[in-house]
Each structure stands twice: as C-alpha cells, then as structure tokens.
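Hi,

Here is the structure I said I would pass on.

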Amino acid sequence: MSNAAELAIVGIGATETAAALPDDATRLCVRAALAACEDAGLRPTDIDAVLSEAHDMPEIFPDILASLGMSPDTCTAHVGLIGSGAVATPLIARALMSAGMASTVLCVYGLNLSQSGGFGAFHEADPFKANLEMPFGFFPQAVYMAAMAQRYCHDHGVDPDDLGYVPLSSRTWGALNPTAERRTPFTIEDYLAKPYLSDPFRALDCCLVSEGACAFIVTTPERARDLRQRPVSVLGGARAVEPETEHEYFGVRGSYNLPARYSGPAAFKEAGVCASDVDVAYLYDCFSIIPVMQYENIGFCAPGEGLDAFKSGSTRPGGRMPVNTHGGLMSHSYVPGINSVYEAVVQLRGAAGDARQVPDAEVALVGAWAAQEHTTLILGRS
Amino acid sequence: MSRPISPLLPRTDWSVAQPFWEGTARGEFRFPRCTDCGRYQWYPRVLCRVCMSPDFSWEPVAPHGSIYSFTVVRRPMLAGAEESVPFAVVLLHLDEAPGVTFITNLWDDSQIGQLAIGAATSIVFHEVTPEVCMPYAVID
C-alpha cells in the first residue's frame with residue numbers, strides 16, 4: 001500500500017432527506033453531486049471518474065453522467081452493495097489514481113425506495129426467501145435481526161431491554177442535528193413503554209426509510225491544497241465479503257457475527273492506527289443490535305461488551321467514543337453508509353457546529369454493512 | 001391461531017427445493033447431503049461448502065432438533081399475516097444434520113411462553129393442500 005496514491009476528500013454534498021421525496025434517484029444524485037462540486041470549488045467537468053455501489057446505481061449512471069455533462073472518457077466503476085459499497089469507493093478511487101486513470105473522483109449514492117418497491121422488495125424477489133422463509137413469516141429484515149439479537153442477548157447474558165440505549169444514543173445526536181429527520185429525544189422508559197414489533201425489537205430498534213442522496217469528491221493532496229475546503233485524508237480502508245450467499249446470510253447461516261471482524265482490523269492495519277486512536281465512529285445502525293456487533297467485531301471492545309458502550313453514555317455527546325454524531329440511520333436518515341462519510345468529513349473539518357462538534361476530532365472511522373459485506377474506512381484531519 | 005400464517009405458500013415446483021416438499025408430502029424431513037464428504041447443506045447450493053463437490057443427494061433426517069434462536073412477530077409485516085400475529089418464528093438446529101438451521105413457526109402459539117434457546121423441539125407435518133405439506137415445530 002505504500003506506493004498507492006494518497007487521497008483527500010475535498011468536497012461533500014447532500015440533498016434533504018425524507019420518507020418520500022418527489023425527486024427520483026437520478027435527480028437526487030445529480031443534486032448531491034453538484035453540491036459536492038460547489039463545496040469543493042470544482043465544476044462537473046473537473047471530474048474524471050464517477051464511482052458508486054454496484055447494486056442499484058449502474059442502471060441510473062448514464063442519466064446521472066448525462067445530466068452532469070461528463071466527457072466520454074470519464075471512468076466509471078461500481079463496487080459492493082447498498083450501504084457498504086459507496087463507502088468502499090475510495091478504495092477504487094485509490095486504485096484508479098495510482099494507475100493514472102483518474103485524478104478527481106466523484107463518489108455518489110442516492111435512493112428513492114418508493115419508486116423501487118420498498119425495502120422488502122429485494123428480499124421478496126429472492127426465491128429462497130419467497131419459498132422457504134416468507135411462508136413462515138421470517139420476513140422482513142426486522143424479523144431476521146430480531147432473531148440475531150435474541151441469540152446475542154442469550155449468549156452474552158445481556159438484558160434485551162438494554163438494546164434501547166442504541167436508538168436512544170442515535171436520537172440524542174439527532175436532536176442536535178438540524179438536518180436529522182427525527183429530533184425528539186426520548187428516555188429509556190419511553191422506549192420500554194413502546195409495543196414490541198418482533199421480540200425483542202420495537203419500532204425504535206429499526207432505522208428510518210428515507211429518500212435522498214450524498215456525494216463526495218476525492219483527489220490528490222497536491223490538488224486539494226488549491227481547493228476551497230480543508231481536506232480530509234483517507235488514512236486507510238478495507239472491504240470484506242464473506243463467502244455466504246445472500247439468502248443464507250440472515251437466517252439459515254445460524255450465526256451472527258459480521259464481516260466487520262475482517263474489514264475493521266484490516267483497515268486499522270493499513271491506516272496505521274488502532275481503535276484507541278479513533279475519536280469518532282460511525283457504525284451502521286439499521287437495527288439496534290448491529291452497531292453493538294460492529295463495535296465488538298471492529299475491535300473497540302471484547303465480545304459481549306458492546307452494549308455497555310451505548311448504555312454507559314460513552315457513545316453519546318461528551319462520551320469517550322461518540323458514535324453516529326449525525327443521528328445515524330435511526331434518527332438522521334437512511335442514505336446508508338455515505339451519509340456517515342459526509343458527517344465524518346464535517347466533523348474532521350471542525351465544521352459540525354457547537355452543539356454536536358466532537359472536540360479535536362482527528363480520526364474518524366466509518367463502518368458500513370450489507371449482509372456478507374462490510375467496509376471500514378478511516379479518515380483523518382489533515 | 002392459523003397455520004400457515006400467511007396465504008403466501010411455498011411453490012413446490014421450484015426445482016431447487018422440490019425434493020424437500022416431495023419429502024414433506026410423505027412425512028419425511030429431507031435435506032441435501034454431499035455425496036463426497038457427507039456434510040448436510042441448507043439451503044441447497046451449487047457446490048458443497050466444505051469440499052466443493054457438485055454431487056448431493058437428499059437424505060432423510062430425524063424430525064427433531066433444538067432452538068438456535070427465535071422471535072415472536074407481534075405486528076404484521078407480511079401481506080396476509082394480519083390475523084396471525086402474534087406468531088413465533090423459530091430457527092432450529094437439527095440433531096442429525098449438523099450445519100443445518102431450519103426456519104419454521106411454532107405449530108401452536110400457546111407454546112410461546114416455553115420458547116427458549118436450546119429447547120428440544122420436534123417437527124410435525126401439516127397438510128395445507130395436497131401438494132403443500134408444511135413442517136412446524138412443537139417444543140417437547
């Protein structure tokens with residue numbers, strides 16, 4: 001890795017988010033891309049590569065590139081799944097830049113689920129799930145992960161009611177963030193009073209469903225010096241994909257660890273930092289058990305201790321390890337993975353504002369998960 | 001309390017799992033087993049996950065296991081299941097097929113209070129239609 005190009009994030013952009021927006025995914029991505037260019041002080045024609053995840057974005061890429069007026073020799077590539085893939089784009093950008101194929105790379109992701117059938121549609125289309133799981137009501141994601149949480153709590157002797165501290169932590173941050181969709185704080189008593197959705201989960205254990213887009217631009221440190229914003233360095237990253245099928249992963253796999261146990265240590269090694277160097281962490285919070293498992297799998301604590309971090313207050317404002325300072329997928333928005341890159345950059349620029357700025361934030365970790373795939377990206381203040 | 005919990009039934013003519021449903025129609029609990037290394041595989045795969053052999057045969061397994069995990073679905077999230085909640089989903093480890101985790105419902109939701117990880121469980125077969133015989137779990 002010592003010969004690889006160094007990367008600086010020089011621009012970030014995001015649209016508003018909401019449960020439903022009138023703009024389709026193409027329009028949302030174009031708006032986010034233009035905002036990132038504006039933030040950097042660049043024009044779309046300064047971009048020579050455009051990257052995104054591989055699951056949904058390839059279909060709309062021609063429309064995005066056409067809208068931005070990209071030249072025919074623009075390099076495009078896609079990596080990974082929803083959430084995890086967009087966070088892995090800097091790894092591809094680095095490869096392109098090292099090969100001399102690009103110098104200024106736009107990474108973009110956006111979604112409009114109401115136009116693609118909703119969050120369960122992907123799972124419904126899988127014949128394994130349709131034939132062997134849905135007839136038994138093992139559907140959708142909340143049910144899969146409720147069963148994972150049930151087993152986790154049993155194995156580690158943890159009270160499942162304590163899971164509430166995870167959405168509580170997200171909401172505490174969301175309350176401080178003007179762009180968060182959910183801003184009303186709640187107590188653990190409020191959480192416990194809510195009805196169960198699928199034991200041990202309540203609706204508050206589940207993330208938002210949103211529409212919106214985010215984008216960021218990476219370039220060389222030399223080029224970054226001439227641009228508008230204080231650059232944020234990409235210190236390292238890793239993406240791990242376990243050899244599990246999509247349809248086996250959530251149920252019949254019969255275990256509940258995350259590929260973060262590979263991508264986390266690999267990212268630390270490449271970046272030359274360790275868990276105690278991280279000042280702020282972004283842990284994919286689609287369901288309350290998932291940040292807990294990432295916190296352990298990435299190496300912030302031992303197995304079984306992850307929920308303590310959320311219960312003790314250490315992940316909340318003023319705590320030792322702030323997690324999801326934007327409010328996360330649970331309280332900010334579901335523009336998964338990439339919305340954490342956006343927020344991490346804001347924090348490392350020192351631009352988060354008095355309410356939620358982590359003092360002296362120098363190293364940020366972004367963890368993004370999608371079933372058998374997980375990306376860990378480590379960013380640093382320049 | 002209704003079984004099945006949803007009008008969405010398995011398609012027994014889906015080639016990948018057809019032998020499973022042919023088995024249940026005869027009261028048998030059959031799973032793919034690698035003919036080279038003997039390991040059971042669920043769901044069916046192209047290659048054995050242990051030895052990469054492409055050769056499998058569907059072998060009967062005793063309809064008995066223990067609960068790996070479970071959840072009780074209390075709000076309907078599946079079209080047609082509105083009248084069925086609350087119902088229990090159980091993930092079972094099978095005594096005679098290590099490596100297989102099987103997903104089904106408790107046959108009788110009055111057993112919800114007995115749900116526990118590790119609980120010994122038997123499989124019963126319920127004829128839904130002449131083609132579709134669905135396995136359900138009864139805590140011993």
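Predicted model: local features only at pLDDT ≥ 70, side-chain atom pairs only at ≥ 80, totals over all residues.

**Chain A against chain B**

The two chains bury about 3300 Å² between them, with 63% of that on carbon and sulfur atoms. On the chain A side, the residues that lose the most area to chain B are L132(A), F136(A) and V252(A), and together they account for 23% of what that side buries. Chain A puts 36 residues into the contact, and chain B puts in 39.

There is charge pairing across the contact too: five salt bridges run between chain A and chain B. One to look up joins E248(A) to R45(B), where the closest N and O atoms are 2.9 Å apart.

**A salt bridge inside chain A**

Over all chains, the structure has 23 salt bridges. Within chain A, E38(A) pairs with R228(A), with 3.6 Å between the closest N and O atoms. What I like about this pair is where its two ends sit: E38(A) is in helix α1 (residues 25-40), while R228(A) is in the loop between α9 (221-224) and β8 (232-241), so the pair links parts of the chain that are 190 residues apart.

**α1 and α2**

From α1(A) the contact uses T26(A), C29(A), V30(A), A33(A) and L34(A), and from α2(A) it uses D63(A), I64(A), S67(A) and L68(A). By class, that gives six nonpolar, two polar and one charged.

**α11 and α12**

Further along chain A, helix α11 (residues 260-271) packs against helix α12 (residues 289-298) at an angle of about 50°, the axes being 8 Å apart. This makes α11(A) oblique to α12(A), and here the crossing is right-handed. A260(A), R261(A), G264(A), P265(A) and F268(A) on the α11(A) side meet Q294(A), N297(A) and I298(A) on the α12(A) side. The residues of this contact split into four nonpolar, three polar and one charged.

Cheers

Note on methods:
Residues numbered from 1 in each chain as written. Chains lettered and ligands numbered in written order. Heavy atoms only, no water. Axes fitted to C-alpha atoms, helices over the stretch in contact; angles between N-to-C directions. Helix = DSSP H or I, 4+ residues; strand = E, 2+ residues; numbered from the N terminus. Parallel < 35°, antiparallel > 145°, perpendicular 65-115°, else oblique. Left-handed = near helix turned anticlockwise from the far one by under 90°. Contact = heavy atoms within 4.5 Å. Nonpolar A, V, L, I, M, F, W, Y, C, P; charged D, E, K, R; others polar. Buried area = accessible area lost by both parts, 1.4 Å probe. Salt bridge = Lys/Arg side-chain N within 4 Å of Asp/Glu carboxyl O.
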